[in-house]
Amino acid sequence: MIGGAIFTTIAFSIGNALILAVRIPAEERAMGGRYADALGSRRRFFPGLPHG
């Protein structure tokens, strides 16, 4: 049972990452210019860290 749970965890984590890779940019585009103006220069997942 543990082996199946590990496989399921890995498979669903990969699937979730693929879905989010499409969903997050689509939502950002849908929010439009106000979002880009307010948060466009910040990192997406760690906004306090500088770019570079």
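Biologist: Which residue forms a salt bridge with Glu27?

Modeller: This is a predicted model, in which local features need pLDDT of at least 70 and side-chain atom pairs count only at pLDDT 80 or more, while totals for chains, interfaces and linings use all residues. Residues are numbered from 1 along each chain as its sequence is written, and side-chain values use heavy atoms, with hydrogens and water left out. A salt bridge is a side-chain nitrogen of Lys or Arg within 4 Å of a carboxyl oxygen of Asp or Glu, and the structure holds one. In that bridge the closest N and O atoms are 2.6 Å apart, and the partner of Glu27 is Arg23.

Biologist: How many residues apart are Glu27 and Arg23?

Modeller: Both lie in helix α1, where a helix is a DSSP run of H or I with at least four residues, numbered from the N terminus. Their separation is about one turn of the helix, that is, four residues.

Biologist: Is Phe12 buried or exposed?

Modeller: Phe12 is found in helix α1, and its relative accessible area is 62%. Buried means under 20% relative accessible area, exposed over 50% and partly exposed in between, using a 1.4 Å probe and protein chains only. Because its value is 62%, Phe12 is exposed.

Biologist: What distance does helix α1 reach from its first C-alpha to its last?

Modeller: Helix α1 covers residues 2-31, which makes 30 residues.

Biologist: Where does α1 bend by about 25 degrees?

Modeller: The bend at a residue is the angle between axes fitted to the seven residues ending there and the seven starting there. For α1, the place with a bend of about 25 degrees is Leu20.

Biologist: Which helix gives the largest share of the lining of the largest pocket?

Modeller: A pocket is an open set of points on a 1 Å grid over the protein atoms alone, where a 1.4 Å probe fits, with protein on both sides within 12 Å along at least five of seven lines, and lining residues have an atom within 4 Å of a point. The residues lining the largest pocket include Glu28, Tyr35 and Pro47. The largest share, three residues, comes from the helix of residues 33-39, namely α2.

Key. Helix = DSSP H or I, 4+ residues; strand = E, 2+ residues; numbered from the N terminus. Expected span 1.5 Å × (residues − 1).
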